[in-house]
Amino acid sequence: MIDIVCCPTPFLVGLLSSSLPKLKDLPVEEALMVNLGSDRFIRQMDDEDTLLPRKLQAALEQALERKNELINQDSDSDSDDECNTLNGLVSEVFIRFFVETVGHYSLFLTQNEKGERAFQREAFRKSVASKSIRRFLEVFMESQMFTGFIQDRELRKCRAKGLFEQRVEQYLEELPDTEQSGVNKFLRGLGEGKN
């Protein structure tokens, strides 16, 4: 199944180190390869250090360090509760990351005359004050992950709220007044009755 790494779609796959020689002979296109046993890159894309804005990277690293502290404190025990706590912490870190970077997406889903929902891509990107996050969004918005996320929201008929949507709702409620007024100005600009 090593040939699957040549697939031109996004994925995360683990291979045994014994497969590494075979992997080097395959026509693998854009792929970041990491040897998890030695914490070293086998292959990089050369944009890893610049893609994620420094502030977001630092926040992620700091939050994930808390995970390491928990592991070190409880290294003697392997209970299910501790494992769930660690999994929950890692999940929370990434949920918060995505909420802070794309949590305002719903403000840029509008309805046209036919009642179809459409995403206002450029207005969404420009609404972010930080230039580095706008640059990140410019790249991220071209990914299949983001495109699928938005297409799902455009086509969604029911408004069922999963964990991400619940956190986004909280995030939007907690925005500072200055950002809220900017959001309200944007919504007024869309015209009355269009969400």
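Tutor: We begin with burial: a residue is buried under 20% relative accessible area, exposed over 50% and partly exposed in between, with a 1.4 Å probe and protein chains only. The model is predicted, so local features need pLDDT of at least 70 and side-chain atom pairs count only at pLDDT 80 or more, whereas totals for chains, interfaces and linings use all residues. Residues are numbered from 1 along each chain as its sequence is written, and side-chain values use heavy atoms, with hydrogens and water left out.

Student: Is Arg125 buried or exposed?

Tutor: Arg125 is buried, because its relative accessible area is 14%.

Student: Which side chain meets that of Arg125 in a salt bridge?

Tutor: A salt bridge is a side-chain nitrogen of Lys or Arg within 4 Å of a carboxyl oxygen of Asp or Glu. Here the side chain of Glu138 meets that of Arg125 at 3.6 Å, N to O. This pair links distant parts of the chain, 13 residues apart: Glu138 lies in helix H6 (residues 131–140) and Arg125 in helix H5 (residues 121–126). Helices (H or I, at least four residues) and strands (E, at least two) are DSSP runs, numbered from the N terminus. Glu138 is partly exposed, since its relative accessible area is 43%.

Student: How many salt bridges does this rule give?

Tutor: The count is 8. One of them joins the side chains of Arg153 and Asp152 at 3.0 Å, N to O. Salt bridges with shared partners also join Glu122, Arg125 and Glu138 into one network. Arg153 counts as buried because its relative accessibility is 10%, while Asp152, at 34%, counts as partly exposed.

Student: How many aromatic pairs does the structure hold?

Tutor: Rings of Phe, Tyr and Trp (its six-membered ring) pair if their centres lie within 6.5 Å; planes under 30 degrees apart count as stacked, over 60 as edge-to-face and the rest as tilted. The structure holds 13 such pairs. Among them, Phe149 and Phe164 are edge-to-face, with 5.7 Å centre to centre and 85° between the planes.

Student: Which residues do ring pairs link into a cluster?

Tutor: The cluster consists of Phe97, Phe98, Tyr105, Phe108, Phe119, Phe124, Phe136, Phe140, Phe146, Phe149 and Phe164.
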